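Let's take a walk through a protein model together. Have a look at the sequence and the picture first, and then we'll go piece by piece.

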Amino acid sequence: MSRPVFRFAPSPNGRLHLGHALSAGFNAMLARRTGGRYLLRIENIDPSRAAPALEAALIDDLRWLGLSWEEPVRRQSEHFPRYAGLLDRLRREELVYPAFMSRGEIRAAVEEHERGGKAWPRNPDGAPLYPGRDRALGEAERAQRIGEGKPFTWRLDIEEASRRIGRPLFWREARGEDLRDWRENPARPELWGDVALASRDVPTSYHLAVVADDASQGVSHVVRGKDLFEATAVHRLLQELLGFTAPAYFHHRLILGADGRKLSKSEGARSIAAWRAEGAAPADVWEAVGLPPDEFRS
């Protein structure tokens with residue numbers, strides 16, 4: 001029987017905070033307890049936000065916390081051809097289409113609809129679903145717009161993709177932190193509408209890259225925050241379309257700020273670096289996130 005494989009996959013677009021420590025620690029702790037492997041993946045698909053200095057800083061913070069992982073570290077920026085090949089496959093199967101509506105045009109369409117007194121459908125994160133007007137464009141018109149340099153995004157036709165699968169989808173979700181009790185959770189990708197899979201400026205989306213990487217690395221257990229629970233439905237759909245084996249999932253509790261919202265790099269959450277600068281020890285961080293410090297002492 002193969003060993004379980006866990007991974008922690010941060011983005012190098014800011015300093016790590018307690019929420020990252022919790023997720024990194026959960027994965028390391030569960031890998032150790034199950035005799036599994038622990039991987040580090042750098043999710044740097046957006047070159048405008050990912051910074052080498054921040055990558056070095058996050059690795060330094062993780063080592064300070066007492067974590068270690070298998071080498072080499074996987075960096076998404078080194079695997080763009082892999083994602084492009086998967087996107088081409090979906091294009092050939094007519095499951096994605098070029099979507100030309102700008103954010104302003106989407107906003108205007110939503111506002112016009114809602115002026116009539118009807119709410120526009122929104123995804124689990126609260127963002128309006130893509131109108132999908134481009135779905136019906138012919139190949140000639142699509143090619144003309146692309147040839148003219150009109151910006152576009154490759155979007156997954158959720159309705160057609162679900163029809164191709166032809167059956168309800170589920171994923172295996174742990175009920176508790178010890179991963180001993182499981183349930184089959186229904187996946188509802190239609191709640192997300194036609195999600196973006198790539199754009200002219202960013203060659204892949206989180207959704208496409210994460211399922212590709214988990215499959216390539218043989219990840220058996222995806223352990224991540226509850227904020228990504230609903231997004232798993234999209235990942236399950238992509239896994240089925242691309243013929244990938246579905247991992248098991250555990251969506252752990254979140255670390256919340258004083259305002260009751262999850263910690264965010266962009267909103268100035270107190271970083272691990274700040275804890276270090278103030279003289280904290282790694283055990284202080286593990287206690288703050290509710291994980292046993294003894295798990296991480298070498």
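Predicted model: local features only at pLDDT ≥ 70, side-chain atom pairs only at ≥ 80, totals over all residues.

**A strand with cover on both sides**

The two strands here, β9 (residues 221–225) and β10, run parallel and are joined by five bridges. To get from β9 to β10, the chain passes through helix α8 (residues 232–242), and this β-α-β crossover is right-handed.

Now zoom in on β10 itself, residues 248–252. In a regular strand, side chains alternate between the two faces of the sheet. On one side of β10 you'll find Ala 248, Phe 250 and His 252, while Tyr 249 and His 251 are on the other, and all of them are buried. Because five of the five residues are buried, β10 is largely enclosed by the rest of the structure.

**A helix and its neighbours**

Next stop is helix α2, which covers residues 52–64. Its 13 residues reach 18 Å from the first C-alpha to the last, close to the 18 Å expected at 1.5 Å a residue. Which residues of α2 are buried? They are Glu 55, Ala 57, Leu 58, Ile 59, Asp 61 and Leu 62.

| Element packed against by α2 | Residues |
|---|---|
| β1 | 5–8 |
| α1 | 18–34 |
| β2 | 37–42 |
| β3 | 74–75 |
| α9 | 272–277 |

Just after α2 comes Gly 66, with a positive phi of about 95 degrees.

**A glycine in a loop**

Another glycine to look for is Gly 149, in the loop between α5 (139–147) and β5 (153–156). Is Gly 149 buried or partly exposed? With a relative accessible area of 36%, Gly 149 is partly exposed.

**Stepping back**

Zoom out, and the protein chain has ten helices and ten strands. Its radius of gyration is 20 Å, close to the 19 Å that the globule rule gives for 298 residues, so the chain is as compact as a globular protein of that length. Along the principal axes, the C-alpha atoms fill a box of roughly 60 × 45 × 40 Å.

Buried residues make up 48% of the chain's 298 residues. As for contacts between residues at least 6 apart in sequence, 78% join residues at least 24 apart. Finally, the accessible surface comes to about 14900 Å², and 49% of it belongs to carbon and sulfur atoms.

Terms used
Residues numbered from 1 in each chain as written. Heavy atoms only, no water. Buried < 20%, exposed > 50% of the residue type's maximum accessible area, 1.4 Å probe, protein only. Helix = DSSP H or I, 4+ residues; strand = E, 2+ residues; numbered from the N terminus. Pairing = 2+ DSSP bridges. Right-handed = clockwise from strand over helix to strand, strands pointing away. Expected span 1.5 Å × (residues − 1). Contact = heavy atoms within 4.5 Å. Rg over C-alpha atoms; globule rule 2.2 N^0.38 Å. Areas by Shrake-Rupley, 256 points an atom, 1.4 Å probe, with all protein chains shown as cover.
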